[in-house]
Amino acid sequence: MPDAIPRARALFERQIDCLKRDDSVAQAELYADDLVYDFPFAVDRPRHIEGKQAFLAVMRPMWERMRGRAVNVVGYREEITETADPDFLAAEFTLVVAAPSGPVNVSFVQFFRTRGGKIAAVREYFSPVARSEALSE
């Protein structure tokens, strides 16, 4: 019988599905109220954010800017490493983004933790240069 509470793999896949569909409303529902999100290499946002509302306050304008520039996810590749802990995984993934200049690969590594059926903590590594290229900045 499958676990009734979504664990790391299921929530990670839901998050990616939201990105592919550009559904930030559904994506926001995946996060725990006490979410901790770290972007150690970020230059365009805080590197450490505590709380779902604080995270959304930072990310919603970025999501809108991407939508306004007609930046869409058109492809996706992943390599997931699950651990003995069903609430933790490591994910390497690449979003292929249709940008005005053509397709751009934007690669990420996430250390992803869930609790009680919500995303509780993410440590995300990505290239700010690739992100800027995808947004034509």
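**Notebook: the sheet and its helices**

I am working from a predicted model, in which local features need pLDDT of at least 70 and side-chain atom pairs count only at pLDDT 80 or more, while totals for chains, interfaces and linings use all residues. Residues are numbered from 1 along each chain as its sequence is written, and side-chain values use heavy atoms, with hydrogens and water left out.

I wrote down my terms: helices (H or I, at least four residues) and strands (E, at least two) are DSSP runs, numbered from the N terminus, and two strands pair if DSSP finds at least two bridges between them. Strand S1 (residues 31-38) pairs with S2 in the antiparallel sense, over three bridges.

**The whole sheet**

I then looked up the strand order, and found an open sheet of six strands, S2-S1-S6-S5-S4-S3, with mixed pairing. Its edge strands are S2 (48-50) and S3 (72-82), each of which pairs on one side only. From one strand to the next, the twist averages 20 degrees; axes here are lines fitted to C-alpha atoms, for helices over the stretch in contact, and angles run from 0 to 180 degrees between N-to-C directions.

Helix H1 (residues 8-21) packs on this sheet and touches S1, S3, S4, S5 and S6, with its direction at about 170 degrees to that of S3; contact means heavy atoms within 4.5 Å. Helix H3 (residues 52-68) lies across S1 and S2, and runs at about 60 degrees to S1.

**Two hairpins**

I followed S4 (residues 88-99) into S5 (residues 102-115), and these strands pair in the antiparallel sense over 12 bridges. They form a hairpin with two residues between them, and Val-97 has Val-104 in S5 as its bridge partner.

S5 is also joined to S6 (residues 118-126), antiparallel, by eight bridges, and there Val-109 stands opposite Tyr-125 in S6. The hairpin of S5 and S6 has two residues between the strands, and in it Gly-116 takes a positive phi near 60 degrees.

**Pro-103**

Last, I checked Pro-103, whose place is in strand S5. Is Pro-103 buried or exposed? Pro-103 counts as exposed because its relative accessibility is 67%, where buried means under 20% relative accessible area, exposed over 50%, and partly exposed in between (1.4 Å probe, protein chains only). Leaving out residues up to four places away in sequence, Pro-103 touches Val-96 and Val-97. I also noted that the C-alpha atoms of Pro-103 and Leu-11, 92 residues apart along the chain, are separated by 27 Å.
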